[in-house]
Amino acid sequence: MKTTHIGLLGLGTVGKGVAEALSHQHSVVIEKILVRCTDRYHADLPLTTDVRDILENPEIDIVVEVMGGIEPAHTYLVAALEQGKSVVTANKEVIARFGPELMTLARQTHTTLLFEASVGGGLPILDALTWHLRTMPIHAIEGVVNGTTNFILHQMEQGMNFSEALKRAQNLGFAEQDPSADIDGWDSARKLAILSGLAFHTWIHPDQGQVTGISHVRSSHLQRLTRMGFGMRLVGRVERHPTSLGFVVAPTVYPLGHRYLTLTGSQNAVGIVSDAGTTWIEGPGAGGLATATSIVSDIQRIRFMIPDREPIRFENRRLDHIDDAYLVFAEDPNQILPIIPETLKSGPGFLILPFPLPPEEGLVQYRYRAK
Ligand code: HSE
């Protein structure tokens with residue numbers, strides 16, 4: 001088979017994972033790697049600081065973008081597609097914001113744009129939505145799609161404080177350059193928007209959604225919850241309503257033993273609810289080699305000319321809120337006022353409050369789901 005030449009944009013945690021994973025593949029060579037400054041890397045690598053060495057290089061067949069951030073990544077992806085090069089990207093920010101127009105551009109230029117690594121790191125979720133479940137009407141997608149917050153919440157359950165847990169997640173290469181995207185829920189919202197685009201043909205703008213992060217969670221909250229038989233994860237859900245989509249990302253409380261609470265480290269789990277039941281996909285959601293797995297799989301898909309997904313006609317639907325019961329913490333970490341479904345209010349100390357709850361200073365609200 002003809003050798004495929006790759007232009008790699010970025011050599012951070014994921015870029016290094018891609019270089020490592022590609023070194024084990026036959027007939028795929030990295031022709032050039034774009035970095036900001038060559039001093040930090042091994043002199044044998046085919047580095048460049050000039051993106052034209054990749055975008056205008058006729059040898060290069062596929063551009064792999066792992067720089068992250070909107071610009072200049074978006075401009076480079078557009079230029080690569082316009083140059084007739086196929087693109088593989090892990091960039092959820094760019095895909096969530098510009099997915100439909102980049103897909104249109106790829107069709108117009110007879111190139112392929114694949115982005116499996118943009119959601120769930122090493123999990124084949126987009127593949128499952130595009131191929132495996134393509135004949136099934138999908139009702140909802142729900143899951144833990146951010147490894148950093150999963151890691152932090154899990155560490156905090158063990159007693160570590162928030163900033164130490166975040167520092168560890170950064171050292172392990174899970175967190176975004178600006179970790180507030182993870183912590184405040186926007187990384188999850190972007191991934192959910194991409195899943196919604198493929199599952200419901202409706203491209204959501206994440207910043208219009210109901211998005212809450214975990215910056216207000218304290219280890220004392222988590223330890224108190226554990227003692228009560230509950231745990232918390234940052235969960236996103238998008239569900240199809242008759243004329244709208246429900247969309248929420250929020251720290252959510254579950255009874256101990258729930259699937260999400262068994263996720264450790266940077267693991268992700270996504271459930272796709274269709275007529276066939278719920279298909280669960282679970283595994284490493286962040287980190288260099290995990291994400292590289294999805295990127296190399298997209299490269300091989302392009303090499304073997306497996307057809308890209310069919311053109312999607314995107315529809316307009318309005319966004320809806322998803323209402324749940326809420327647990328409310330007062331500023332005093334020992335005080336929890338849970339609003340829970342009637343059937344579950346048998347535990348001691350539960351107080352049913354009116355819903356929705358008026359905003360009140362000193363109160364922190366968490367969604368509660370019984371499932
Ligand atoms: N910061 C992301 C996460 C990386 O923690 O899940 C993978 O998308």
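Begin by selecting Pro 72, which is found in the loop between strand 4 (62–65) and helix 3 (73–82). Helices (H or I, at least four residues) and strands (E, at least two) are DSSP runs, numbered from the N terminus. The peptide bond that leads from Glu 71 to Pro 72 is cis, with omega near 10°. Most peptide bonds are trans, and most residues other than glycine have a negative phi.

Two notes on conventions apply throughout. This is a predicted model, in which local features need pLDDT of at least 70 and side-chain atom pairs count only at pLDDT 80 or more, while totals for chains, interfaces and linings use all residues. Residues are numbered from 1 along each chain as its sequence is written, and side-chain values use heavy atoms, with hydrogens and water left out.

**Positive phi values**

Select Ser 27 next, in the loop between helix 1 (13–22) and strand 2 (28–34). Ser 27 is not a glycine, yet its phi is positive, about 60°. Its relative accessibility is 28%, so Ser 27 counts as partly exposed; buried means under 20% relative accessible area, exposed over 50%, and partly exposed in between (1.4 Å probe, protein chains only).

Move to His 110, in the loop between helix 4 and strand 6 (113–114). Here too phi is positive, near 55°, in a residue other than glycine. His 110 counts as exposed because its relative accessibility is 74%.

**A buried strand residue**

Thr 4 is found in strand 1 (residues 4–9). With a relative accessible area of 8%, Thr 4 is buried. Leaving aside neighbours within four places in sequence, Thr 4 is in contact (heavy atoms within 4.5 Å) with Ser 27, Val 28, Val 29, Asp 61, Ile 62 and Arg 303.

**Helix 11 and beyond**

Of the 16 residues, 13 are buried, so helix 11 is largely enclosed by the rest of the structure. Met 305 follows helix 11 and has a positive phi, near 55°.

From Met 305, draw a distance to Gly 257: their C-alpha atoms, 48 residues apart along the chain, are separated by 43 Å. Gly 257 lies in the loop between strand 10 (244–255) and strand 11 (267–274).

**Two helix pairs**

Select helix 4 (residues 92–108) and helix 9 (residues 186–200), which pack at an angle of about 50° with their axes 9 Å apart. Axes are lines fitted to C-alpha atoms, for helices over the stretch in contact, and angles run from 0 to 180 degrees between N-to-C directions. Helix 4 is therefore oblique to helix 9; angles under 35 degrees count as roughly parallel, over 145 as roughly antiparallel, 65 to 115 as roughly perpendicular and the rest as oblique. Lys 92, Glu 93, Ile 95 and Ala 96 of helix 4 make the contact with Asp 187, Arg 190, Lys 191 and Ile 194 of helix 9.

Finish with helix 6 (residues 147–157) and helix 7 (residues 162–171), which pack at about 135° with axes 9 Å apart. These two helices, helix 6 and helix 7, are therefore oblique to each other. Thr 148, Phe 151, Ile 152, Gln 155 and Met 156 in helix 6 meet Phe 162, Ala 165, Leu 166, Arg 168 and Ala 169 in helix 7.
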